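Dear colleague,

I am handing over a structure that you have not worked with before. Please look through it first, and then read the notes below it.

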Amino acid sequence: MRIGVFGGTGSTGLHFVQQALQKGHHVTVLVRDANRLGELQGKENLTVVQGSALKQEDVDKVVTGQDVIFTALGGRSGDDTRYTVCSQNQMLMNNSILKEKERGNQVPRRVVCVTSMGCGDSYQHMNCVTWMVVKFLLKKSIEDKNKQEELITDHLHGVCEWTIVRPGGLVDGQGTGVWNASPTIGGGSILRADVAKFCVEKCLEGAEYACKAVSVVN
């Protein structure tokens, strides 16, 4: 499977790229700094496109010809686009996909997007403590990711499938391969490695999570 990746040098994205390559997939990843790929540089079946997730021509290079698009973008401290990068990139990604469709070319079968618990309707199921954290500490990030989700569900409807993954609090550590995935989870945390594994093993194809949003925790 050919997978285009945005956010592949982030903490979750790196796990995804590594695990996708281990499964034998062909991965094309957009990076600003290839050195952030670390030991993954030069791996077989990995194509690196150096550029910006906020430039249409660079986004086009990653989207064109892929079977699946995976995005786990997140803003970095100090960036002017910290609270807009997810939705801005999604608009460009949509442009690329719709442009290919208009030309009669192959478009990705599915877009897999990692956002956050608290996005969309998931806030209705959150416990009080988790909801307060989201409401007051993550407000701007959640607003950006909500826009991203809407751009996927509203504008790609009927064009390709999508899966939105809403992890709980992200933590580092060795993956367990164990998770709880449901649209009605109210709180919890999950290892970044397990978010990536869930996406690789459960979200790239199949009907279980097609055109659905799901929260996931350990």
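Predicted model: local features only at pLDDT ≥ 70, side-chain atom pairs only at ≥ 80, totals over all residues.

Residues are numbered from 1 along each chain as its sequence is written, and side-chain values use heavy atoms, with hydrogens and water left out.

A search of the whole structure finds zero disulfides, a disulfide being a pair of cysteine sulfur atoms within 2.5 Å. The sulfur of C119 lies 8.5 Å from its closest cysteine sulfur, that of C113, which is too far for a bond; for C203 the closest is in C199, at 4.7 Å, again too far. C203 is buried, at 0% relative accessible area, where buried means under 20% (1.4 Å probe, protein chains only).

Helices (H or I, at least four residues) and strands (E, at least two) are DSSP runs, numbered from the N terminus. Helix α1 (residues 11-22) reaches 17 Å between its first and last C-alpha, close to the 16 Å expected at 1.5 Å a residue, a span taken as 1.5 Å times one less than the number of residues. Its buried residues, among them F16 and L21, pack against β1, β2, β3, β4, β7 and α6, with contact meaning heavy atoms within 4.5 Å. Just after α1, G24 takes a positive phi of about 90 degrees.

The buried residues of α3, including L92 and I97, pack against β1, α2, β4, β5 and α5, and just after α3, G104 has a positive phi of about 80 degrees.

Best wishes

Notes
Buried < 20%, exposed > 50% of the residue type's maximum accessible area, 1.4 Å probe, protein only.
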